[in-house]
Amino acid sequence: MGLMTNILQTDLIKGLSLTIRYFFSKPVTLRYPEVYYDLPERFRGAQILKRHEDGKERCVGCGLCAEICPSRAIAMETSEGEDHEKVVNSYVIDLGLCIYCGYCQEVCPVDAVFMGQDFELTITDPGKLKVTKEQMLTKGDNPRYDRL
Amino acid sequence: MMVRLTIDGRQIMVDGHVNVLDAASKLGIHIPTFCHQARLSDLGACRMCLVEVEGMGKLQTACTLAVNDGMVVRTDTPRVEKARRMMLEFLLINHPLECTVCDASGECTLQDLAFKHGSAETRFKGKKRILRDHIISPLIDRNLNRCIQCKRCVRVCEEIQGVTALGMSYRGAATVVGPFMDKSLDCEYCSHCIWSCPVGAITSRAMKHKVRTWEMEKSEAICPYCSCGCTLSYNYRDNVVYRVTHAEGRGLNMGSLCSKGFFGYDVINHPDRITAPMVRDADGVLRRTTWQSALEEVARNMKRISRESGGKAVGGIASDRLTNEDLYLFQKLMRMVFSSNNVDTPSGLWSRTVVPVLEKRMGVRAATNSLDDLNYTDALLIVGCDITVANPISGLKVKQAIRRGGLVTEVNPGKTALSRLARRSLAVPVGKELALVKGLIKVILEEGLYDSETLGKYGKFSELEFSVRDKSLKEIARETDCSVDEITQTAREFAGAKKASIIFGETAVLQAGGEKVLEAVIDLLVLTGKLGQEGCGLYPILSGTNFQGALDMGVSPNWLPGHAAVSSDSERKRVEKAWNGKVPKDGGKSAYEMIQAAAAGKLKALYLAGVNPLATFPGGEDLEKALKKMEFLVVQELFLTDTAKLADVVLPATSLAEKNGTLTNVERRVQKTSKAIDGLGHSLPDWKIFSDLGVACGEEGMNYLNSSEVMDEIASVVPFYSGINHQILADNGLQWPFSRDDAREVYHEGYLGTRHLLPEGLSKDKQFFAAVPVWETHSADSKYPMTLVLGDLLFHSGSFTRYSESLNQLAAQATLLMNPQTGMGLDVQDGSSVRAVSTQGEFTVTVSYSEDIAPGMLFLPRHFKNAPVSALMIPGPDDQARTAIVHVRVVKA
Amino acid sequence: MMKSTEVFSAKEFSDMENIRARYQEPASAILPLLHYVQGAQGHLSEQALTFVAEFIGVPHVRTFEVATYYTMLFTEPVGRHLVQVCRNLSCHVNGAEEVLQGLKRELGIDVGATTPDRVFTLVEVECIGACDHAPAMMIDGDLHRSVTVDSVSRILNSYREKP
């Protein structure tokens with residue numbers, strides 16, 4: 001038995017046939033970063049902020065996201081504006097603290113904050129993990145979030 | 001009468017005057033309500049507290065329904081629940097759903113009840129009512145659309161504050177809450193309306209949109225702004241105090257606050273706070289440094305001067321805003337480490353004029369009674385004190401007495417907020433208070449209205465009779481600008497009342513011969529037998545936050561802690577033993593004497609803790625020269641004040657919100673104030689600085705772990721504080737004298753200290769009358785004919801609150817107030833500039849006409865930079881220093 | 001304290017004193033006094049409200065509350081003649097709406113407004129107690145019953161010249 005196998009090299013052929021089969025089939029992996037995986041719609045990446053159609057921010061500064069955040073990643077500063085309205089001076093999410101649970105999106109009463117598709121968070125300066133309101137708004141302006 | 005009723009199947013016995021709502025809450029059954037609030041009259045406006053009562057067909061409002069014997073109430077039936085749901089549905093027709101940005105969100109009764117009882121759907125499809133609104137005040141924000149017409153703000157404004165600035169105007173669906181003519185709000189900014197609003201219709205603009213209610217933590221503390229000692233609650237987030245809230249039902253104020261307490265918190269996190277020690281370098285510039293080097297600098301110089309020139313060349317003045325622990329360590333540091341009895345507070349003048357008289361006549365050194373007694377007083381005489389400004393919350397108690405029918409007579413050189421409410425407001429010219437009090441005594445003697453018990457003790461009042469013989473009532477009336485009838489009526493009311501008290505303040509006493517007014521006032525109390533019982537007593541009121549504590553802690557040139565005389569060998573020995581150190585023998589200099597000694601070059605080093613003499617001390621330019629002449633000046637402050645800019649070393653201290661300690665209020669109540677936030681930057685609590693400095697001087701006896709340890713030492717040195725420690729003060733303040741034995745009572749009997757002094761009456765050696773003659777006031781110097789009263793405004797407290805942006809919005813500038821009649825006599829118009837000149841100095845200020853000021857009198861607030869009152873006030877030793885009343889000349893500028 | 005001469009003539013002031021004297025509690029005179037002042041001056045000015053409040057010793061806001069509560073008291077100046085049209089049930093079914101439209105047309109103003117010559121002010125009121133002759137309207141103190149669109153102009157004209 002062993003001799004026959006040795007002579008005919010059937011193991012090798014079996015192995016090679018698998019290799020050849022996969023060589024000609026469609027690859028499972030992606031050539032990241034040249035090619036991106038098509039993320040599911042409800043993927044929970046770094047947060048984005050949305051605007052109204054007229055360009056005004058949707059966020060009214062109610063602070064519910066900061067309150068519900070289990071890891072206290074959201075810090076918010078608000079004040080009274082010129083017309084006595086509420087103005088959000090700063091809205092910072094520390095992505096280093098964020099656990100991507102999506103509660104902020106869930107609780108937002110004005111549909112301002114959403115979990116985005118952005119997952120590339122590798123940075124060299126930890127300070128950059130603190131994302132500002134402006135950065136999140138710019139991300140939110142990306143057409144891929146138009147459905148939100 | 002007690003009645004028994006059944007609520008939700010449970011029986012309870014309550015007083016017959018209680019309503020069903022309060023009876024239910026005693027059982028722990030919460031009936032939802034909007035319009036009901038403790039201390040307010042009940043209205044039944046909101047219909048939220050409907051309950052089912054057996055035998056009554058319709059649902060009843062629990063807040064207006066008095067309990068009845070055998071009543072059976074149900075609060076949990078489907079019918080009640082349906083009624084609640086419907087009421088909420090009605091309210092939410094028009095209430096805007098903007099909880100996301102509403103500042104009341106999180107503590108809104110409507111929000112809470114809608115969660116609990118409301119339905120998620122509304123059956124009303126129409127548009128919401130939108131009312132035209134506008135800004136009615138810089139600090140109080142009104143939002144008419146959110147208003148649910150519960151009328152709590154209107155009632156609290158009238159019933160508690162006695163101002164009635166708010167009303168309900170228009171009607172039906174258009175009803176709005178607002179001030180007169182719906183213009184801007186002109187009121188005392190007491191903040192009660194903000195407190196009472198169950199929704200977000202009235203909110204504070206000082207914190208508008210800055211923070212959400214649930215983000216903040218709360219910490220109870222004592223208000224730093226006057227001697228009333230109100231309990232308030234600091235609300236903070238991330239080491240920033242965002243607002244002050246009322247501590248419902250807590251403290252002697254029951255939660256009530258005044259404008260200063262509620263809006264004055266923004267000094268705490270002010271951007272100009274000093275956050276690191278500073279030492280003047282070789283170039284003469286103040287530079288930031290470390291605590292260690294700053295303290296070494298202070299220790300080296302103070303020790304050197306004390307060694308070279310003797311302890312008399314060193315002095316220290318501490319603010320009466322500091323805690324007892326701070327003040328105690330301050331005087332210990334000055335006395336033991338720097339061998340100097342030159343310690344004083346800005347309120348020292350009061351301690352040395354008023355307190356000796358109290359001591360001599362009654363054997364006490366503080367107010368005899370509790371502030372709560374004022375609530376129930378039948379007759380009250382207020383002499384030379386605007387109680388609503390000096391002690392706004394004591395003022396509220398007086399207002400309550402007036403609402404209960406108490407007969408309040410005010411003797412002031414002008415009109416105050418009480419004048420409109422009080423039975424009688426006598427505008428007695430400055431210097432004539434004595435004549436008026438003597439007039440009252442005369443009436444009482446002539447009509448035989450005196451207390452029979454007193455007569456029994458004294459036999460006859462011949463001395464007193466002799467002292468009022470020379471002047472007829474008519475003459476007195478003419479002199480005091482009152483009518484004979486007013487004087488007679490006041491005397492009769494006072495003598496005839498069951499509970500009668502006298503309040504007196506600065507304007508009467510801090511003027512030439514002011515002690516005599518006090519002597520006469522005590523004569524009046526003794527004569528009518530209004531001493532030593534609940535509701536009968538004397539309240540000497542000064543506004544300085546901890547002026548009583550400063551005196552008790554021995555921050556005084558002549559007194560050691562516990563009112564022990566420095567001159568007494570045995571007392572000194574006792575203190576020395578406790579400290580394991582030396583106390584100098586000779587009496588020290590008062591604050592003003594220290595400045596004078598500095599000008600003469602005799603005082604070389606001065607330690608100022610929390611005081612800004614350039615703003616509040618007499619002397620003007622002379623004072624500045626004296627401070628500049630100082631060889632070594634240390635200023636321990638929150639801000640880089642004008643005085644701090646002259647200092648050699650500036651040490652950053654913390655505000656009251658950033659430290660633990662105790663304060664003693666005007667009614668001798670020792671209260672604990674707790675730290676809310678950590679000290680800003682490198683600032684340290686004052687006691688810690690004194691302690692560290694003592695250690696830096698090589699004195700291990702000054703080493704303390706915390707302020708509680710300091711309090712324990714105070715208890716061992718001050719006999720009447722002996723039962724007091726931080727733990728026992730945790731829930732309630734205690735009124736001294738409070739011994740160790742009393743401490744056991746606190747836990748067993750709920751004993752809260754000595755409510756009133758002199759329960760046995762005056763001791764044998766105090767049973768006499770001073771019988772000062774009706775005082776002949778010397779006529780004013782013709783060069784300086786006008787009498788200027790230097791006083792406080794309701795919205796400020798010393799020069800400290802200048803740093804509060806909110807309070808500056810209410811009053812930012814000083815104007816010289818005068819009666820239009822006076823103005824016309826001087827030919828100065830409302831709004832024109834004048835020069836005010838006293839023997840000491842002068843400055844230019846704007847005139848403002850006010851009907852509240854008596855003709856011939858002037859009033860100037862002493863808080864502001866644009867009117868540096870220091871330039872007008874006349875310095876000198878105690879019997880000459882005049883800080884409340886100054887004679888001036890007014891010239892057109 | 002305001003002086004009476006700033007707002008009132010000597011006659012008005014003495015009348016007001018008489019009104020106040022009728023009541024044991026001065027504060028009780030609030031409504032009669034406001035009514036009187038409105039009659040004498042046409043409306044209740046800020047000064048008048050302030051003075052009346054001080055005159056009877058109540059807080060200022062109290063007179064404002066009362067003055068705004070009643071539709072018959074005005075805090076803004078009104079025309080020389082006040083036209084009050086009932087719009088309650090009886091009048092409504094009998095054509096009050098047409099009468100009101102007629103009045104609006106005739107005066108050229110909306111409800112609640114005053115004509116530019118300051119002669120007429122038009123307001124709607126609830127029942128004025130003349131249901132038996134609906135639709136009814138009241139001009140100053142006079143009741144006009146069974147008003148029609150055609151009679152409106154005649155009635156108004158009879159007032160134009162009146163002081």
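**Three chains and their contacts**

Between chain C and chain B, the contact takes 10 residues from chain C and 12 residues from chain B, where two residues are in contact if their C-beta atoms, placed from the backbone, lie within 7 Å. On the side of chain C that touches chain B, helix H4 (residues 60–69) of chain C supplies the largest share, with seven residues; helices (H or I, at least four residues) and strands (E, at least two) are DSSP runs, numbered from the N terminus. By class, this side of chain C has five nonpolar, two polar and three charged residues, with Ala, Val, Leu, Ile, Met, Phe, Trp, Tyr, Cys and Pro counted as nonpolar, Asp, Glu, Lys and Arg as charged, and the others, Gly among them, as polar.

The model is a predicted one, in which local features need pLDDT of at least 70 and side-chain atom pairs count only at pLDDT 80 or more, whereas totals for chains, interfaces and linings use all residues. Residues are numbered from 1 along each chain as its sequence is written, while chains are lettered from A and ligands numbered from 1 in the order in which they are written.

Two pairs of chains are in contact, and of these chains B and C share the most contacts. In the other contact, 11 residues of chain A meet eight residues of chain B. Strand S2 (residues 74–80) of chain A gives the most to the side of chain A that touches chain B, namely three residues, and the residues of that side divide into four nonpolar, four polar and three charged. Chain A and chain C, by contrast, are joined by no contact, and their closest C-alpha atoms lie 27 Å apart.

Chain C itself has seven helices and four strands, which run α-α-α-α-β-α-α-β-β-β-α from the N terminus on. Its C-alpha atoms fill a box of roughly 50 × 30 × 25 Å, taken along the principal axes. The chain is divided into domain 1 (4–69) and domain 2 (81–160), with bounds that come from an automatic or database domain assignment, and 29 Å separate the centres of these two domains of chain C, taken over C-alpha atoms. Of the 163 residues in chain C, 27% are buried; a residue is buried if 20 or more other C-beta atoms lie within 10 Å of its own, exposed if 12 or fewer, and partly exposed in between, with C-beta atoms placed from the backbone. Among contacts in chain C between residues at least 6 apart in sequence, 59% join residues at least 24 apart.

Helix H3 (residues 46–56) of chain C has as its buried residues Ala48(C), Leu49(C), Phe51(C), Val52(C), Ala53(C), Phe55(C) and Ile56(C). These buried residues pack against helix H1 (10–21), helix H2 (30–41) and H4 of chain C. Just after H3(C), Gly57(C) takes a positive phi of about 70°.

For chain B, the domain assignment gives domain 1 (2–76), domain 2 (278–347 + 546–722), domain 3 (363–539) and domain 4 (786–892). The centres of domain 1 and domain 3 of chain B, taken over C-alpha atoms, are separated by 43 Å.

One open sheet of chain B has five strands in the order S2-S1-S5-S3-S4, with mixed pairing, where two strands pair if DSSP finds at least two bridges between them. Strand S2 (10–15) and strand S4 (60–61) of chain B stand at the edges with a single partner strand each, so one side of each is left without a neighbour in the sheet. Within this sheet, strand S1 (residues 2–7) and strand S5 (residues 72–74) of chain B pair in the parallel sense over two bridges, and the bridge partner of Ile7(B) in S5(B) is Val73(B). Helix H2 (residues 78–94) of chain B lies across strand S3 (50–53) and S5 of chain B, running at about 160° to S3(B); axes are lines fitted to C-alpha atoms, for helices over the stretch in contact, and angles run from 0 to 180 degrees between N-to-C directions.

Another open sheet of chain B has five strands in the order S19-S18-S17-S20-S21, with parallel pairing. Its edge strands are strand S19 (424–427) and strand S21 (537–541) of chain B, each of which pairs on one side only, and the twist averages 15° from one strand to the next. Strand S17 (residues 379–383) and strand S18 (residues 407–412) of chain B pair in the parallel sense over five bridges, with Val383(B) opposite Val411(B) in S18(B).
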